[in-house]
Amino acid sequence: MAREPATLAFRAMNTNVTLQVVADGDAATEALTSAAWVFDRTERACTRFDPVSPLMQANAAPDEWHEVPPECFMAVQEAFRAHLLTGGLFDPRVLRALVDLGYDRTLPFGLGDVEIPDAREPSGLAAAPPGRTPTGGAAPRSWQPRFDGARNAVRLGPDPVDLGGIGKGLAVRWAARQLARAGSVYLVDAGGDCRLGGGGPEGDGWRVGIEDPTGQPLPIAVLGLHDASVATSSTAARTWRAGGVRRHHVIDPRSGTSADSGLVSVTVVGDDPADAEVWSKALLITGPEAAHDLCTRHGLAALWVHGDGRVGTSAPIRPLLRWSRDPVDGGDGDDG
Amino acid sequence: MAGAPRPRRPRWGLLAPSAAALFSASVAWTTSHDPSAASSPGASSTGASGSVSVPAASAAQLRQALDSQTEALRSLSWTVRGLEARVRAAQERRFSPAVSGAASPAASGGTSRTPGPVSAAHVAAGSSASGAAPAAPLGATAAPVVRPAPSPAPPPPPVHTTTGASRP
């Protein structure tokens, strides 16, 4: 018999957060509260929208050492690991490009078209030296942050960084640990970055709908997940207009402007929510052909949506599909 | 008798054995017979390839046997027509979006691509659970050809949460 989960919903990191856990009253309350505090601490440590946040103080003088809270320290470490893992496709140094494009403040996404009149043309990342990314693009200057674990100190390098995406994934990871203390069946959902514990309230799997990036009400697919994480990156989310040009928040570090790879949405399923977040962004940036290669190389379970609405999948995600709006190809990892 | 048409055993698959025996004993028959001529006692007629001669004494029994078989054929014909009507009705239900959506396997939490249970209507229509076109019903030359429209996707199962474009 299904047990009703205890639920806590709140707003953090400019998104809606929902926490659920199946546990007895006091244990559930304590776990939900602890998990909510995780989001609060992570946001305060890693936000770029507060000029006195630990991250922004480090960004103000990135070539100097800065002692930062553990959440910020670990977030920079994880960002560096993701940068290396993805061959530079994930690059938190896109902060300058985001600011140039007009995303220099908390924007009211979801309340209609956001128009930014005073945006500048993107200056891009630092001048790219000779070199190529795994996908053939010009590589920006290599990132070499430094870490001092004894005192939680970081030296970011010459460029400021944005920890928004990976910070949210890490908050989901850390919040899930709090909920898992109270019960094995839990949910952490931060704007679609999810960690799902156990098999859901009914025990037959958490059913996660993948939204259609074109705004159609019917989902593209429904996943059935046990003890898994899922994240989606989309060019349809966090969009604005600057100087009459539509922009979105996923920046291609090779061009220094909003990614235009032919994909509009990528969903990745994995063990860890931060990793799923990183890979969904990297695949969205790199485009369908390279995404297919990366999925094969790293064993990624991914579903992507082309600009024309076609849906592609990697082989590992197909057994997880409980329902799909369109037939999904069961072939050799090709687009479905 | 040289030159006379050789008596041939008629094809009486639908007649009872006794009536068939009666016929084979008293009738010189051709395969291109005229049933209306044989229905009159003592009548004779010329067919395309020979003649039919029925003794008057046997005509009454013959007619009785034919009437019985005619009635049986009529009854069988009605049965076939009834089956045809049921097949057509089943086909229309099978390809109606409103009905097929309600019978979706996903309503019970199954995978949409998993074939649902095969109903009696599918079997009667010669269809298969894989969506193959149903076989043409018997005697359906006058009936319109029913082509299966693309089956609409069943509705998605209820979800616990979503991920995607509206979740910044």
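**Entry 1: helix H1 of chain A**

I looked up the packing of helix H1 (residues 25-46) of chain A on helix H3 (residues 70-85) of chain A, and found an angle of about 70° with the axes 8 Å apart. That makes H1(A) roughly perpendicular to H3(A), the class for angles of 65 to 115 degrees, where under 35 degrees is roughly parallel, over 145 roughly antiparallel and the rest oblique. Axes here are lines fitted to C-alpha atoms, for helices over the stretch in contact, and angles run from 0 to 180 degrees between N-to-C directions. Helices (H or I, at least four residues) and strands (E, at least two) are DSSP runs, numbered from the N terminus.

I note that the model is predicted: local features need pLDDT of at least 70, side-chain atom pairs count only at pLDDT 80 or more, and totals for chains, interfaces and linings use all residues. Residues are numbered from 1 along each chain as its sequence is written, while chains are lettered from A and ligands numbered from 1 in the order in which they are written.

I then listed the residues that meet: Arg41(A), Thr42(A), Ala45(A) and Cys46(A) of H1(A) face Glu71(A), Cys72(A) and Ala75(A) of H3(A). Contact means that C-beta atoms, placed from the backbone, lie within 7 Å. By class I find four nonpolar, one polar and two charged residues in the contact of H1(A) with H3(A). The classes are nonpolar (Ala, Val, Leu, Ile, Met, Phe, Trp, Tyr, Cys and Pro), charged (Asp, Glu, Lys and Arg) and polar (the others, Gly among them).

H1(A) has 22 residues and reaches 32 Å from its first C-alpha to its last, close to the 32 Å expected at 1.5 Å a residue; the expected span is 1.5 Å times one less than the number of residues. The buried residues of H1(A) include Ala28(A), Leu32(A), Ala35(A) and Phe39(A). Buried means 20 or more other C-beta atoms within 10 Å of the residue's own, exposed 12 or fewer, and partly exposed in between. Among the elements covering them are E1, strand E2 (15-21), H3 and helix H5 (164-180) of chain A.

**Entry 2: the sheet of chain A**

I traced an open sheet of eight strands in the order E1-E2-E7-E8-E11-E16-E17-E18 (chain A), with antiparallel pairing. Its edge strands are E1 (6-12) and E18 (311-313) of chain A, each pairing on one side only. Pairing requires at least two DSSP bridges between two strands. Within the sheet, E8 (residues 193-197) and E11 (residues 228-234) of chain A run antiparallel and are joined by three bridges; Cys194(A) stands opposite Val230(A). I also found helix H7 (residues 288-298) of chain A lying across E16 (263-270), E17 (301-306) and E18 of chain A, at about 175° to E17(A).

**Entry 3: Gly205(A)**

I located Gly205(A) in the loop between E8 and E9 of chain A. Gly205(A) is buried, because 20 other C-beta atoms lie within 10 Å. Leaving aside neighbours within four places in sequence, its contacts are Gly199(A), Gly200(A), Gly224(A), Leu225(A) and His226(A).

**Entry 4: chain A with chain B**

I checked the contact between the chains, which takes 17 residues from chain B and 33 residues from chain A. Strand E9 (residues 206-210) of chain A runs parallel to strand E3 (residues 161-163) of chain B, with three bridges joining them. Val208(A) stands opposite Thr161(B).

Notes. Two residues are in contact if their C-beta atoms, placed from the backbone, lie within 7 Å.
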